[in-house]
Each structure stands twice: as structure tokens, then as C-alpha cells.
Amino acid sequence: MTTATSQSSEGSPASGAASTGTEPAGAPATSYEAHFRVWRGDTDGGGLEDFRVEVHEGEVVLDIIHRLQATQAPDLAVRWNCKAGKCGSCSAEINGRPRLMCMTRMSVFDRAQTITVTPMRAFPVVRDLVTDVGFNYTKAREVPAFVPPEGVAPGEYRMQQEDVDRSQEFRKCIECFLCQDTCHVVRDHEENKAAFAGPRFLMRVAELDMHPLDAAEDAGLDRKRTAQEEHGLGYCNITKCCTEVCPEGIRITDNALIPLKERAVDRKYDPLVWLGSKIRRRGR
Ligand code: SF4
Ligand code: SF4
Ligand code: FES
């Protein structure tokens, strides 16, 4: 995709990035004018457009994108919903880093800095800042669901607190797909997408594989094997980039991917581990 730079004809006159001293009447004294560079385009290509836009104290990047829509670029496409870091819709790349626009405060940037907002690079663009994240839904469908244990009714499940805590950490996921976007396995390698589920869905496999009540194995489903052979666990080289961008602070690599790798290796090379798991399951 091309990213040729173009200057918006709608940008206001250049000004210093620090407080302008020319705020409109009624605007807070802490307002200033920021330089935004936003990717505009669609499936046929596009480029970066420059804007000068007013910023007020306490605002986040999504506020500025909304102000651009209201004042200079009414057809700018952006996906958002909650503006509270919970729906996972407003994912984009801000100065090259995958982030939620609604949770990125303007105060973290130097006022003189140009703020570049681009769509998530790992997914195809629909228009402007909106990408087609269908890849993730495809991968989600490829992970078999929790298999309920036989003879135990819902409501009768009993688990150790540490098992509950582990699942709850993974369940904080808001499906923003920033981890999927940042993972180098697919970010620059479209050809890997068919064979690699990505950190979000390998985490789901790990969650189910470590779930003490999941009866997948009794039903003939070996989640460790499928992690390797169907979800591409071996592609992950535990660089932790996914963990670094997760807005929920989930320790994807340490708590899901590394344990899953260890369990897969144990299963493959240690017959005692395999036998032990069989005996443990029979005794349940
Ligand atoms: S730790 Fe693995 S899944 Fe996460 S970004 Fe690195 S390679 Fe991708
Ligand atoms: S694991 Fe974190 S970064 Fe990945 S989709 Fe879930 S919330 Fe987003
Ligand atoms: S708008 Fe919901 S997470 Fe940003």
C-alpha cells in the first residue's frame, strides 16, 4: 500500500505547537494547536494528509480525530464505540505504535511533535483508519470451544482459585487485536496468516489447555498438538511484542504462550507427562 504524503488544503495556517495565545473566546487557556498527519485512502491506496487541529487539556487522540471530522474532514472514516478502552474498536497506529486512540492521552506527546495516525498495518484497509479485521474472526472460529466435563452440570464446576485467576486474566481481552497487529509473524508476512493464529488466539488455546475442567482430551482433541500443528505455535519466538501493546496489561507471552510451549514440548518428549495426564484424567 502506498503512503505518499499530501498536504490537506483544509489545514489552518501553520503555527507554533506550544500554546498559541490565540485561543477562541471561551476555549481553555491550555488549548494549543497540534500537527496531525492522518492516513486517508481505501483499498486502492492512499497517503498521509496533514492537519492543524485544536487540542484541549485532558483530550485523547480519538477526541482530535473527532474534531477533524467535525471541522475539516467530515468523511474521515474511523471505528470507535465506547471511548472507554473497553470495546476494542478504535485500534490504530499512533506514531507507528499500535494503540487504542481513546486511551492515548494527548499529554503523552510533546506539543511540537507531529502525531501520525495510521490504520493497523497487519490488516487490509477498508477506508482511512478502518481495517478489515476478519482474519481474527476466522482464527477465533478455528479454536474448538471448551468441552464440558461429563457428569458435572453447569453450576457444579469447582476449581482452585489459581485456575480461576489464570482464566480471568485472559478473559480481560477486549479483542482490540493490537497484539495481532504488532506480531512480526504476520505483520510483514501475509503468507504466514494461513498457518498462524496469532497471540490472541494462541492465548485462547492456552487458556483452554490449562483449564482443569476442559474435557477436550477425553473427546479426542489434543490442544497441545493442535497448538503446534494447526495454530502455528512454533512461529512464535516469544519476543513479547504482543504483551507490550496489550491495553489490558495481559501478560500474553509469560502467562499463555511460554506455558503452552512448555506443555507442548513436555507432551511431545516426555512419555511420563503424557501418562500422568491420562491417569489424572481417569481419576477425576
Ligand atoms: S511473543 Fe510470539 S505471538 Fe507475541 S509478538 Fe512475539 S512472536 Fe508474536
Ligand atoms: S490480548 Fe490484549 S492486545 Fe490482544 S486482543 Fe486482547 S486486549 Fe487486545
Ligand atoms: S472506543 Fe472503545 S476501546 Fe476505544
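**Ground rules.** The model is predicted, so I kept to its limits: local features need pLDDT of at least 70, side-chain atom pairs count only at pLDDT 80 or more, and totals for chains, interfaces and linings use all residues. Residues are numbered from 1 along each chain as its sequence is written, while chains are lettered from A and ligands numbered from 1 in the order in which they are written.

**Overview.** I looked up the secondary structure and found 10 helices and eight strands in the chain. Both are DSSP runs numbered from the N terminus (helices: H or I, at least four residues; strands: E, at least two). I then checked burial over the 284 residues, and 32% count as buried. Buried takes 20 or more other C-beta atoms within 10 Å of the residue's own, exposed 12 or fewer, and partly exposed lies in between, with C-beta atoms placed from the backbone. Contacts came next (C-beta atoms, placed from the backbone, within 7 Å). Of those with a separation of 6 or more, 65% join residues 24 or more positions apart.

**Strands.** I followed strand 2 (residues 32-42) first. Strand 2 and strand 3 (residues 45-55) run antiparallel and are joined by 11 bridges. Two residues lie between them in a hairpin. Two strands pair here if DSSP finds at least two bridges between them. Strand 2 also pairs with strand 6 (residues 114-118), in the parallel sense, over four bridges. I looked at H35 on both sides: R52 stands opposite in strand 3, and T114 stands opposite in strand 6. R37 faces T116 in strand 6. Strand 6 has another pairing, antiparallel, with strand 4 (residues 91-94) over two bridges. There I94 has V117 as its bridge partner.

**Core.** Which residues have the most contacts inside the largest nonpolar core? They are F36, M101, L202 and L260, in a core of 57 residues. Such a core is a set of buried Ala, Val, Leu, Ile, Met, Phe, Trp, Tyr and Cys residues joined through C-beta atoms within 7 Å. Helix 6 (residues 199-209) gives the most to this core, six residues. Domain 1 (3-131) and domain 2 (134-282) each supply at least three residues to this core; the bounds come from an automatic or database domain assignment. I listed the contacts of F36, leaving out residues up to four places away in sequence: F51, V53, I64, L68, I115 and V117.

**Ligand shells.** A residue counts as near a ligand if its C-beta atom, placed from the backbone, lies within 6 Å of it. Around ligand 1 I found residues including C183, C236, C241 and C242. Helix 8 (241-245) and helix 9 (252-269) are the elements that give two or more residues to this shell. By class, the ligand 1 shell has eight nonpolar, three polar and one charged. Ala, Val, Leu, Ile, Met, Phe, Trp, Tyr, Cys and Pro count as nonpolar, Asp, Glu, Lys and Arg as charged, and the others, Gly among them, as polar. Ligand 2 has 14 residues around it, and C173, C176, L178, C179 and C246 come nearest. Its shell holds 11 nonpolar, no polar and three charged residues.

**Y137.** Is Y137 buried or exposed? Y137 is exposed, because 11 other C-beta atoms lie within 10 Å. Y137 sits in helix 2 (residues 134-141). Its C-alpha atom is 9.8 Å from that of F201, 64 residues apart along the chain.

Terms used
Contact = placed C-beta atoms within 7 Å.
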